[in-house]
Amino acid sequence: MTSASTLSGALPAPAPAPAPASTPVPWSVVAFAAGAVLLAMAAGALALVPDGTLLNGTVVVDATSRLFLVLIDVVGAGIALYIWGRLHAEPRLAEYIAGWVGAAALFLVFSNLAVLSNHLLLGWAFLEATTLAAVPLIRFRGTKASLDAAWRYLVFSGLGLALVFLGFACLARSLETAGAAVSFELESLARARATGDGWWRLGIALTVLGYGTKLGLVPMFAWLPDTYDSAPPATTSLLAAVQSNVALLGLVRVVQIARVHDSDLVSFELIALGVATMVVASFGIIVSTRYKRLLGYASMNHAGVIAIGLGLGGEAAYGVVVYVVSNAVIKAILFLSAGKIQAHYRSEEIKDVSGLVKQLPYSGLFFMVGTFALLGLPPFGSFVGELIIMSGLVGRELFVVFVAFAAALTVSFVATGRSMFPMIWGTSRPGLDRPRIPFLAVLPKFIFVALLLAIGLYVPTSINELFRQVAASVGGR
């Protein structure tokens, strides 16, 4: 595959001879963008469907599935429109995109099926399918770094999902020991009278560890910074803002069940993994010299915050919900902006980028807002989420964890600002002039920024009630 370097999104370097500006955008790209928008609209329409199951109990409609479905489909639609905009602005790139679009479409379909699954094993299988669909998206550039990243991603993802499956087998053994029917439907597991024996506890521990691997939690996190750095920006956006939330949903379903039978075990494991991940991510941010790799470690840091909040439960669960929604939008804004930055400067090194707000006013502005939200500054939703989780740590009198949490956030804040602020406001450095992207392709970023501000300033009553329902199911009250 011809791929000396890559433009923003998932697009390799253009051919030397530009195609005429009238060249139409390939039908596959138009269909992908239209399909992603329709998925987002359908996810919104699902809010009108009463809670329950559909298709003989295969599909579950509840507050949790509604929230995650809308979240991944809105972000997916934004990424699809971005890709359409890139092709509309530079149609000469069309010959490179067909394979990427096909794999991305499968990725979004499998993600939706995983979220709607009323069965832990079925959700696991669809998450595995998104993993297989993501491999060609990661290796799309065809460089040695992207091939190595795709291989590492596949190995770690396979190992993590194997641990999840082994955990399910242990849970099944525990149910057999208790004389209960073995079923992995969500309601059946919630009602099951588990013995809380060693099989049950081992199953919960392995399942949490396996899903944690997909989220980039310690100890099996090595795939994440390399993958986010080497994959095309649009692919990274799909991994960071869509697949991570599908994996998180799997973890949330397990936590919802574990809270009923063994709350202490799942709380201890999640808090321990979360603190360790935040510490490791902080050091990774310090030593990063490439902005996408730095954002990868920042994503790890966010996963650690979410794990701690999930482990706490109770009132902190509402903070987790706010943080998860904000985090998905932040990743989409930053990684899509990183694509434009990469195309303009032809570099992924932090030292080569400076004066974004002057050189790229729109992308620079989005990157600045995304960075502020990434750092957890008010008035963004990430600030609200972190504040609620920290309050939960104090309320539970986990002062050692609180100190570690605050220290890791402080280190990450300083290290990220040290690298990102010169990129945004430093001395302007010229780059390559690129064709302007249509406003429709940039519109999702404006919507994402509006969502970030709305979550931090005022959440409409209906949305707030949805957040509270999800928090109650995850937090145990």
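## Salt bridges at a glance

The side chains of K351 and D352 meet in a salt bridge, with 3.3 Å from N to O. That pair is a handy way into this predicted model, which holds 11 salt bridges in total. Below is a friendly tour of some of them, with a look at where the partners sit.

- K351 counts as exposed, at 57% relative accessibility.

**D62 with R253**
- D62 and R253 form a salt bridge whose closest N and O atoms are 2.9 Å apart.
- D62 sits in the loop between β2 (59-61) and α2 (63-89), while R253 belongs to helix α9 (residues 233-261), so this contact ties together parts that are 191 residues apart in sequence.
- R253 is buried, with a relative accessibility of 6%.

**R290 with E348**
- In the salt bridge between R290 and E348, the closest N and O atoms are 2.5 Å apart.
- Both residues lie in loops: R290 between α10 (263-287) and α11 (291-312), and E348 between α12 (316-345) and α13 (356-359), so the pair links parts that are 58 residues apart in sequence.
- R290 is partly exposed, its relative accessible area being 25%.
- E348, by contrast, counts as buried at 9% relative accessibility, since the cut-off for buried is under 20%.

Key. Residues numbered from 1 in each chain as written. Predicted model: local features only at pLDDT ≥ 70, side-chain atom pairs only at ≥ 80, totals over all residues. Heavy atoms only, no water. Salt bridge = Lys/Arg side-chain N within 4 Å of Asp/Glu carboxyl O. Helix = DSSP H or I, 4+ residues; strand = E, 2+ residues; numbered from the N terminus. Buried < 20%, exposed > 50% of the residue type's maximum accessible area, 1.4 Å probe, protein only.
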